[in-house]
Amino acid sequence: MSLAEMAAPPAPHTELAVSWPGWVEDNAALLIGIPLRIALIVVCVAVIRILAKRAITRVVQRILEPSPAAAETERSRRAGRGPAVLQRDASRSGERREQRARTIGSVLSSIVTVVLFVVGVAMVLDQVGIALGPLLASAGVVGLAIGFGAQSLVADYLSGMLIMVEDQYGVGDSVDLGEAVGEVEHVGLRLTHVRDLNGGLWHIRNGEILRVRNDSQEWARAVLDVAVAYDANLDTVYRVLEKTGHELRQDPAFAGDLLEDPSVWGVQSLDADGVVVRVAVKTVPLKQWGVTRELRRRTKEALDAAGVEIPFPQRTVWLRGEDRADREQVGLGS
């Protein structure tokens with residue numbers, strides 16, 4: 001081979017054939033390692049999400065189906081063997097438990113999905129070589145702005161989550177939320193719906209609920225204040241009230257609503273028109289109002305039969321005359 005042939009450049013296809021295998025060999029880690037790691041990250045995130053959703057499903061299932069021990073405790077409570085009886089309509093109780101479980105499960109699933117997605121995207125971007133610092137800084141600024149603009153919305157969702165987790169109230173409960181008083185028809189993460197006595201439906205943001213009075217948990221109390229005349233014999237009044245309460249407890253129509261015999265607490269106050277005596281009895285939830293009305297009716301009949309007078313408003317009228325004759329003329333005398 002001559003010097004001219006040796007100095008001549010190689011053919012283009014020969015240079016490509018020589019350079020391509022070398023380039024592949026030099027960038028093997030880039031071509032195989034990065035996609036493999038990305039695929040591994042995706043698979044790990046998917047597996048973790050599946051396992052987390054299965055765990056959440058089991059938690060929801062346990063909430064929907066109480067353990068045998070808890071069911072036995074509930075049955076004994078309903079039979080009246082426990083210190084307090086929680087009696088709700090079975091359908092409403094099941095609806096309440098299901099709504100609570102489904103909502104908690106949905107929230108937990110969404111949180112797990114979002115967290116795993118963010119972590120997975122960050123790991124993939126790191127493998128590709130994209131700097132995460134500027135992205136995290138930008139996301140922090142955007143998140144801060146959204147947080148300031150949606151403070152009330154975040155407070156509503158957090159409050160709703162705590163209400164469900166702590167089981168403060170649920171569907172079918174009779175509650176007092178301040179201005180809204182009535183029966184709970186729906187409990188969501190942001191809003192609570194309450195139907196009041198007049199049929200109005202209240203939509204209350206959970207973040208605005210500062211205190212709750214629940215009349216549907218464990219037990220309730222019927223309280224009746226009975227006013228009698230000042231000249232009435234209080235011992236007689238006590239006996240009449242105790243007998244009336246005992247008869248109410250023995251009545252089959254109300255025996256299941258009363259957890260104990262009504263007790264006379266004694267003189268509650270001394271009013272201008274008479275003496276107020278208080279009677280109280282522990283009842284099952286949501287039955288205290290009906291028991292109070294029936295006890296009031298029977299008390300009225302029993303007091304009438306015993307000859308105990310119920311006081312009426314007394315008013316003193318003073319008539320001022322110019323002399324004694326004027327007073328005698330109007331019938332007041334000296």
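Guide: Let us start with a pair of strands. β7 and β8 run antiparallel and are joined by 6 bridges. Val264 stands opposite Val279 in β8. This is a predicted model, where local features need pLDDT of at least 70, side-chain atom pairs count only at pLDDT 80 or more, and totals for chains, interfaces and linings use all residues. Residues are numbered from 1 along each chain as its sequence is written, and side-chain values use heavy atoms, with hydrogens and water left out.

Visitor: What makes β7 and β8 a pair?

Guide: Two strands pair if DSSP finds at least two bridges between them. β7 and β8 have 6 bridges, so they count as paired. The names follow a rule too: helices (H or I, at least four residues) and strands (E, at least two) are DSSP runs, numbered from the N terminus. The protein chain has 11 helices and 8 strands.

Visitor: Which strands make up the open sheet, and in what order?

Guide: The order is β6-β8-β7, with antiparallel pairing. β6 (220-228) and β7 (263-270) each have a single partner strand, so they stand at the edges and one side of each lacks a neighbour in the sheet. On average, neighbouring strands of this sheet are turned by 25° against each other, direction ignored. Axes here are lines fitted to C-alpha atoms, for helices over the stretch in contact, and angles run from 0 to 180 degrees between N-to-C directions.

Visitor: What lies across β6 and β8?

Guide: α10 does, running at about 25° to β6.

Visitor: How do you know that the length of α8 agrees with its residue count?

Guide: The expected span of a helix is 1.5 Å times one less than its number of residues. For the 17 residues of α8 (residues 234-250), that should give 24 Å. The end C-alpha atoms are 24 Å apart, so the two values agree. Helix α7 (residues 151-166) passes as well: its 16 residues should span 22 Å, and its end C-alpha atoms are 22 Å apart.

Visitor: Why do the buried residues of α7 line one face?

Guide: Seen down the axis of α7, they fall within an arc of 160°, so one face holds them. These buried residues are Asp156, Gly160, Met161, Ile163 and Met164. The face turned away carries the exposed residues Leu158 and Glu166.

Visitor: Why does Asp167 count as partly exposed?

Guide: Its relative accessible area is 28%. Partly exposed is the class between buried and exposed, so Asp167 belongs there. Leu286, at 35% relative accessibility, is also partly exposed. Leu286 has a positive phi of about 70° and is not a glycine. Its place is in the loop between β8 (275-283) and α10 (288-306).

Visitor: Where are the hairpins that involve β2?

Guide: β1 and β2 form one, with 4 residues between them, and Gly178 in the turn has a positive phi of about 110°. This antiparallel pair has 3 bridges. β2 and β3 form another, with 3 residues between them. β2 and β3 (residues 191-196) are antiparallel over 5 bridges. There, Val184 has Val194 as its bridge partner.

Visitor: How many of the 334 residues count as buried, as a percentage?

Guide: The share is 28% for the protein chain.

Conventions
Buried < 20%, exposed > 50% of the residue type's maximum accessible area, 1.4 Å probe, protein only. Arc of directions from axis to C-beta. Contact = heavy atoms within 4.5 Å.
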